[in-house]
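Me: I would like a close look at one part of this structure: its charged side-chain pairs. Keep it brisk.

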Amino acid sequence: MNKKGHVLNAALLSIGLGYLLEPSGTEETFATILMIGVPVTLGALFPDVDTAFGKHRKTLHNLPILVAFVAFPYFFENLQYVWIGILTHYVLDVAGSKRGIALFYPLWSEEFGLPVGVAVKSRMADLVTVIVTAAELVVAAIIIYRIPQLSLELGGQAIGTVLG
């Protein structure tokens, strides 16, 4: 995907996540969108810094970079949402473009992608971006709403089994 696609993905994702986390539609929702939106957008743009140095879709498009940004807030207490932007950048490059990314670089230069992507300059790129973003929001909704409920149900069943 191109920069426009990554910014579109980050903006739509930030709005969707804001409403998933704070569905009231009040000032709190819009504050949540901004709180998430700025770091997610920065994270969505970060991997393409490797167009200026290194090997594009390798140097900053890999799992070690993602792990570093997931771990960063635990050590420095900021950048909590930048990793989401980086992760969605990777998802968009894997699912939305033909080329894919080198997930295991520098250990392995093989680029991985799905056969459903389009060329970066395709007129369908924006539509593919919106479709991938919608899929990401469905996954986020499941993580936010369904997994905690499922864990409570399983925990209740486990306690019932132990006490029963």
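Me: Is Asp126 buried, partly exposed or exposed, and what is its relative accessibility?

Reply: This is a predicted model; local features need pLDDT of at least 70, side-chain atom pairs count only at pLDDT 80 or more, and totals for chains, interfaces and linings use all residues. Residues are numbered from 1 along each chain as its sequence is written, and side-chain values use heavy atoms, with hydrogens and water left out.

Asp126 counts as partly exposed because its relative accessibility is 30%. Buried means under 20% relative accessible area, exposed over 50%, and partly exposed in between (1.4 Å probe, protein chains only). Asp126 forms a salt bridge with Lys4, N to O 2.8 Å. A salt bridge is a side-chain nitrogen of Lys or Arg within 4 Å of a carboxyl oxygen of Asp or Glu. Helices are DSSP runs (H or I, at least four residues), numbered from the N terminus. Lys4 is exposed, at 54%.

The structure holds 4 salt bridges. Another joins Arg57 and Asp93 at 3.5 Å, N to O. Arg57 lies in the loop between α2 and α3, Asp93 in helix α4, 36 residues apart. Arg57 is buried at 4% relative accessibility. Asp93 is buried too, at 0%. Arg57 also has a positive phi, near 65°, though it is not glycine.

Glu111 pairs with Arg99 at 2.9 Å, N to O. Both sit in the loop between α4 and α5, 12 residues apart. Shared partners join Lys58, Arg99 and Glu111 into one salt-bridge network.

Technical notes. Helix = DSSP H or I, 4+ residues; strand = E, 2+ residues; numbered from the N terminus.
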